[in-house]
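The structure is shown first, and the notes follow by topic.

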Amino acid sequence: MGEHIGGGKIGMVSSSWPFGKLSINYDGINLNIGIRDAQLKKEDIQSVLFRRGLINKRFIFIHENKKIKKVVEFWTFSPDPVLADFRVAGYFVNEDKSRL
């Protein structure tokens, strides 16, 4: 479906741009930040929060997969293509209006 380059965080491990890669598919997402990888099935994702920061934009995945660290985030400077791919794949993205 769509692949996007940015940064990310899985658990306590984070990686800045351009070392994060988010793949969005109809059946789930994959986030690779170089030294850690998180694969979430669509049915495990409770919600996707979109939060605008001063510099970057974050997609925060609230999920139920107990084998994956609770904190799973993807950061980007260009959120519009990511939002479009989420919509095409049938994901609902909820914008969080609070500031980082």
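Is Leu 54 buried or exposed? In this predicted model, Leu 54 is exposed, because its relative accessible area of 80% lies above the 50% cut-off for that class. The points below set this residue in its surroundings and then turn to the helix and to a further loop.

- Leu 54 is placed in the loop that links β5 (45–52) to β6 (57–63).

**Helix α1**
- Helix α1 spans residues 79–88, and its buried residues are Pro 79, Val 82, Leu 83, Asp 85 and Phe 86.
- Viewed down the axis of α1, these buried residues fall within an arc of 160 degrees, so they line one face of the helix.
- Asp 80, Arg 87 and Val 88 are exposed and sit on the face of α1 that is turned away from its buried side.
- After α1 comes Gly 90, which has a positive phi, near 90 degrees.

**Loop between β4 and β5**
- Glu 43 belongs to the loop joining β4 (37–41) and β5.
- With a relative accessible area of 58%, Glu 43 is exposed.
- Glu 43 and Tyr 26 are 17 residues apart along the chain, and their C-alpha atoms are separated by 11 Å.

Key. Residues numbered from 1 in each chain as written. Predicted model: local features only at pLDDT ≥ 70, side-chain atom pairs only at ≥ 80, totals over all residues. Heavy atoms only, no water. Helix = DSSP H or I, 4+ residues; strand = E, 2+ residues; numbered from the N terminus. Buried < 20%, exposed > 50% of the residue type's maximum accessible area, 1.4 Å probe, protein only. Arc of directions from axis to C-beta.
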